[in-house]
Number of protein chains: 2
Amino acid sequence: MTIIKPRLPKGMRDFSSDVMQKRNFIFKNIRKVFESYGFSQIETPSIENMETLSGKYGEEGDRLIFKILNSGDYLSKVDINDNINSKSLAKQISNRGLRYDLTVPFARFVVQNRNKITFPFKRYQMQNVWRADRPQKGRFREFYQCDVDVIGTNSLLCEIELIQIYDNVLSNLKIPNVNICINNRKVLVGMVELMGESQSFDTIAVSLDKLDSIGIEGVKNELSSKGIGKDALSILDTFINAKNISEVSSLLQKSKIGCEGIQELEFILNLFEKQPLRTSSLVFDISLARGLDYYTGCILEVKINDVNIGSLGGGGRYDDLTSNFGLNDVSGVGISFGLDRIYLVLEELNLFPKNITKNIDVMFANFGMEEASFCLSLIKDLRDSGISVELYPDAEKIKKQMNYANNRGVKYVVLIGENEINRGILSIKNMASGEQSDLKIEALKNKILNG
Amino acid sequence: MTIIKPRLPKGMRDFSSDVMQKRNFIFKNIRKVFESYGFSQIETPSIENMETLSGKYGEEGDRLIFKILNSGDYLSKVDINDNINSKSLAKQISNRGLRYDLTVPFARFVVQNRNKITFPFKRYQMQNVWRADRPQKGRFREFYQCDVDVIGTNSLLCEIELIQIYDNVLSNLKIPNVNICINNRKVLVGMVELMGESQSFDTIAVSLDKLDSIGIEGVKNELSSKGIGKDALSILDTFINAKNISEVSSLLQKSKIGCEGIQELEFILNLFEKQPLRTSSLVFDISLARGLDYYTGCILEVKINDVNIGSLGGGGRYDDLTSNFGLNDVSGVGISFGLDRIYLVLEELNLFPKNITKNIDVMFANFGMEEASFCLSLIKDLRDSGISVELYPDAEKIKKQMNYANNRGVKYVVLIGENEINRGILSIKNMASGEQSDLKIEALKNKILNG
């Protein structure tokens, strides 16, 4: 036998039971809100055909998809010639890849099941995604996304409910100083139109997204180096420096699509002025572009001020995603929660409830096979009443068993030796108070249930 | 834009919301039992190093592992020569693979975290595994396993609790005619020893596992063709025809390890004679071998008579699994539930509870943006009380909205038009009875909560 060093691939993580309980706490909170808004859960497989995945996330995204080697004798039909390289070979030996986000598989699902689905279709999905990205704080190669989308309607009420969902979940989790940033792709399209640079929309969107990190001058330098002219950059400057949405609105007067975007934004912003969010702030942010994503209308991104961690989630409206799979004119809108980042924020701000790690209610100490067998039916009865019970598996020294109970956060230890069996009583120790008392065996369940 | 036909890779599945609710019902039942026995949840990543996975599941298993293509310019260090073939190239261009079961990653986890873990360590894990197997009924390429294991003790009480867990979960799910088959590797080792074929243990185990499908003669023919002699096969025949465990026990008198196996089996069987299982039968089965698995002691497998679907789960004791990662003398024992097969059984026997698919409590009809905006704060209030509410997103014809409500299984539709707003009342329709009535707006929540 070759001995293997136990280790994980780069960017992969194990979750211990303490961490799992905290993660489940977040899942439960998100799920509860999603369901209260009438969303139903679906799941799609981890593995999709490469043709489904590729070309949807930009060139960079395509590079980051985990590709699966074809099964069997995958080389048998491959022409290995002098020109072969990693990219051209990959196309021949890898037809499938791991899910990169939840939205593209969702669009595939909708088109594939369009005859079974009632539209508007409201679904949520909480699953892993994989990206072969360079790992860093808050960025992993396998992480959870929790998505809600409505597809099959243009109604801005969907955007409004999605913003409420962000607010609802993050308020329930008690995360302070949350900004839900909002913009509209149409506003950006209008702006780029006025800059006379419509053909460079993607380039400008990608640079604009970096405003937070590299500043206005940085953005302008980058764009200038990519051939965007001085006049255009001066218009961009005016937009970025606009103080509020009405200033942006006046700048956009001459752009039809820009005005459309402003109208949509104003409808949403006005509504939340009359019916405020619970704890989050809704903030118009002209620089929010969300790079090469498939958005066509409203765009959203959640930022928090107290932890330096990037966004906790984002989303927006997409008009053309199902067109990739042959279904036109079906508009959708959705948002995503990044489970792993929310976890880091709750941890860093110490916001997990104190009693979150569920303990074991009772441990039965082990005095030998005879005694343990006697305890089994008692234990069964407790478990059937919803009490979590462990039976220590070996008749070790009682000190070792007590240490184990301590480490596991056991509330009561029950001691039943030969003596106790003969007398029909048991000893019970409250591990928090250290108090130990005797009890009739048949009184145990009552004691545990009522303290 | 190239239009892609929406489709799934072979053996992959989407789960609609009806299916998800049923799957979650099973998960919830399993989780509840696991936790009542004091097991804590952990998770390991989907992707493991190939060196962790390979060599643990036999040659066939190795072939079925999904391999991930290395990232970046993976060919740069590869020597493509005339001898290159699929197998030799795979080793150079794929360092990682998808999890094939939960037990090997668990063993890796235990060794890697041995200094943080309190032994005996009781964990459960409910995650996907992937196998590039030929898909057929009840066999998928991505499926869920739900595993419980105890590691760090030899105590037979663990086997006893695991058998109780099988019984508990399957009784709760009301699956009838469950046989929990039990055997012990030591009994098989003893038998093969008496056959004088110890060096062919694996071959004999693999053939023996096929007894159900190919019969005694089939097994003997197969083994004969693999060089097992006539005398040996006649001993095998005697064992297979033994009527019960005491007959097997007398056959094994001369094998020390065989007697050990019998003792362990008898302890377990006797205990369950005194303290019977709830609905399952515990059945000693000398032909249960579980092929090339890593088991060394007790082996278990769950079979049901009413649906032809293979086993619902299996497990056993393994003494050497952590040795692969450099930690010796740590015995473990565990069982696995196959979620997807349990699902098929519940579906086929019509055992899912009738009310399992959760419906939407209330839908608000949409009479326009003005009216919808008015409804939003009412809706928020209901949702905060745990009621699931949808607002129909568009002011479509009321008939279309009602059809949607019907399809979605909505209980009440609330109608608030301009008129209603002015009068401070609303109309509410009970979708089951068809009854429609008027109500003061502030009385709505009470009506929904109390019917």
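Which residues of helix 7 of chain A are buried? They are A:Arg185, A:Lys186, A:Val187, A:Leu188, A:Gly190, A:Met191 and A:Val192. Buried here means under 20% relative accessible area, exposed means over 50%, and partly exposed is in between, with a 1.4 Å probe and protein chains only. Helices (H or I, at least four residues) and strands (E, at least two) are DSSP runs, numbered from the N terminus.

A word on the source. This is a predicted model, where local features need pLDDT of at least 70 and side-chain atom pairs count only at pLDDT 80 or more, while totals for chains, interfaces and linings use all residues. Residues are numbered from 1 along each chain as its sequence is written, chains are lettered from A and ligands numbered from 1 in the order in which they are written, and side-chain values use heavy atoms, with hydrogens and water left out.

Back to helix 7 of chain A, residues 185-194. Seven of its ten residues are buried, so the helix is largely enclosed by the rest of the structure. What do those buried residues pack against? Their partners in chain A are strand 7 (178-184), helix 8 (201-208), helix 10 (230-241), helix 11 (245-251), helix 12 (256-274) and strand 9 (298-304). Just after the helix, A:Gly196 has a positive phi of about 70°.

Next, the two chains together. Contact, meaning heavy atoms within 4.5 Å, involves 108 residues of chain B and 107 residues of chain A. Chain B and chain A bury about 8,900 Å² between them, 58% of it on carbon and sulfur atoms. Buried area is the accessible area (1.4 Å probe) that two parts lose on being put together, summed over both. In chain B, the residues that lose the most area to chain A are B:Ile4, B:Leu157 and B:Arg383, together 7% of what that side buries.

How are the two copies related? Chain B can be laid on chain A with an RMSD of 0.0 Å, by a turn of 180° and a shift of 0.0 Å along the axis. That is the relation of a two-fold axis. The superposition is by least squares on the C-alpha atoms of residues with pLDDT of at least 70 in both copies. Of the residues of chain B, B:Ile68 comes closest to the rotation axis, its C-alpha being at 2.2 Å. Of the interface residues of chain B, 99% are also interface residues in chain A, so the copies meet through the same surface.

Last, salt bridges. Side chains of opposite charge can pair when their charged atoms come close. The rule asks for a side-chain nitrogen of Lys or Arg within 4 Å of a carboxyl oxygen of Asp or Glu. How many does it find across the interface of chain B and chain A? The count there is eight.

One salt bridge is between A:Asp14 and B:Arg108, at 2.6 Å from N to O. A:Asp14 lies in the segment before helix 1 (17-36) of chain A and B:Arg108 in helix 5 (residues 103-112) of chain B, so the pair joins two chains. Both A:Asp14 and B:Arg108 are buried.

Another salt bridge joins B:Arg7 and A:Glu51, at 3.5 Å from N to O. Are these two buried or partly exposed? B:Arg7 counts as partly exposed at 41% relative accessibility, and A:Glu51 is partly exposed at 33%.

Finally, a network of salt bridges links A:Lys122, A:Glu161, B:Arg383, B:Glu390 and B:Arg408.
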